[in-house]
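Me: I'd like to learn how to read a protein structure, one feature at a time. Can we go through one together?

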Amino acid sequence: MYLTRAEHEAFVRGQAAGIIPLDRPLPVNADEIANLIFHVGVLFNAKIACRRHDGTLCVLELTTFTAEYLDKLIRNLPQIRSREILAVTSYRQDTEPNMLEGLYNYFSFGRDIVAAEDLAGRLTMNPASLTTEQILRGFEIEYVPVKRTGLATLRQRAVLAEMIYAQRLPTIARRDWENMTKGEATRLITSVPKPKAELPNSVSVLLNAIERLNVEDRQILSSIIHY
């Protein structure tokens, strides 16, 4: 499967909500994901920082169907998520996730994000209006992840993570990471030579000294060691 787990969940919920046609197959490349804009409509996204009641910071990525409602949602976030958030900081970064990543952000917020004004202002090629009752179906369904076989094992992923942390491998994109097979993981792990074991400094000094000895001195040293 080309999609990440989050993208697949967004697609399933989007179909349940009536945003994506039921006869639309799963996208198999980036272009097909981008073309979902004709059904989903334009999405507005922003990453913001909020302060919790205990003083710690958290970062949220929000997605709505209109820019006006996104601004309103951010202003009212302390009231909407009163148990979690004390205040919204001044930090805001407009983001551009793909259509399914944005839709995932929308559904992962929860039912409180649904607003008739937001749905009414949706910019899409589909002239049919989207009702609150329809969109709520996307939140109500129980998502069941696709069962897949042949994926990289947890042990392989742990080894790869260590190699990336040690800069022996470049970072791996989320899509490639989630969809990586056992064979692909094995090829990556074996493609990089194992690092040479580092000797203690005292041993390195001794070996360097031995290398500078002439033949006669090495023979004398050998006879002493094996005496």
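Me: Which residues are exposed on the other side of H4?
Reply: Two words first: buried means under 20% relative accessible area and exposed over 50%, with partly exposed in between (1.4 Å probe, protein chains only). Here, Glu 68 and Arg 75 are exposed on that other side of H4. Keep in mind that this is a predicted model, where local features need pLDDT of at least 70, side-chain atom pairs count only at pLDDT 80 or more, and totals for chains, interfaces and linings use all residues. Residues are numbered from 1 along each chain as its sequence is written, and side-chain values use heavy atoms, with hydrogens and water left out.

Me: And which residues of helix H4 are buried?
Reply: In H4 (residues 67-75), they are Tyr 69, Leu 70, Leu 73 and Ile 74. Looking down the axis of H4, these buried residues fall within an arc of 140°, so they line one face of the helix. That arc is taken from the directions from the helix axis to the C-beta atoms.

Me: What do the buried residues of H4 pack against?
Reply: Contact means heavy atoms within 4.5 Å. The partners are strands S1 (44-52), S2 (57-64) and S3 (85-94), plus helices H5 (77-80), H6 and H7 (116-120).

Me: How many helices and strands does the chain have?
Reply: Both are DSSP runs, numbered from the N terminus: helices are H or I with at least four residues, strands are E with at least two. This chain has 13 helices and three strands. Of its 227 residues, 31% count as buried.

Me: How do I read aromatic pairs, and how many does the structure hold?
Reply: You describe a pair of aromatic rings by the distance of the centres and the angle of the planes. Rings of Phe, Tyr and Trp (its six-membered ring) pair if their centres lie within 6.5 Å; planes under 30 degrees apart are stacked, over 60 edge-to-face, and the rest tilted. The structure holds four such pairs. In one of them, the rings of Tyr 106 and Phe 107 have centres 5.6 Å apart and planes at 80°, so this pair is edge-to-face. Phe 107 also pairs edge-to-face with Phe 139, at 5.0 Å centre to centre and 65° between the planes. Phe 107 lies in helix H6 and Phe 139 in helix H8 (residues 132-140), so that pair ties together parts 32 residues apart in sequence. Both Phe 107 and Phe 139 are buried, and Tyr 106 is buried too. Ring pairs link Phe 65, Tyr 106, Phe 107 and Phe 139 into a cluster.

Me: Where is Gln 167 found?
Reply: Gln 167 sits in the loop between helix H9 (154-165) and H10. Gln 167 has a positive phi of about 65° although it is not a glycine.
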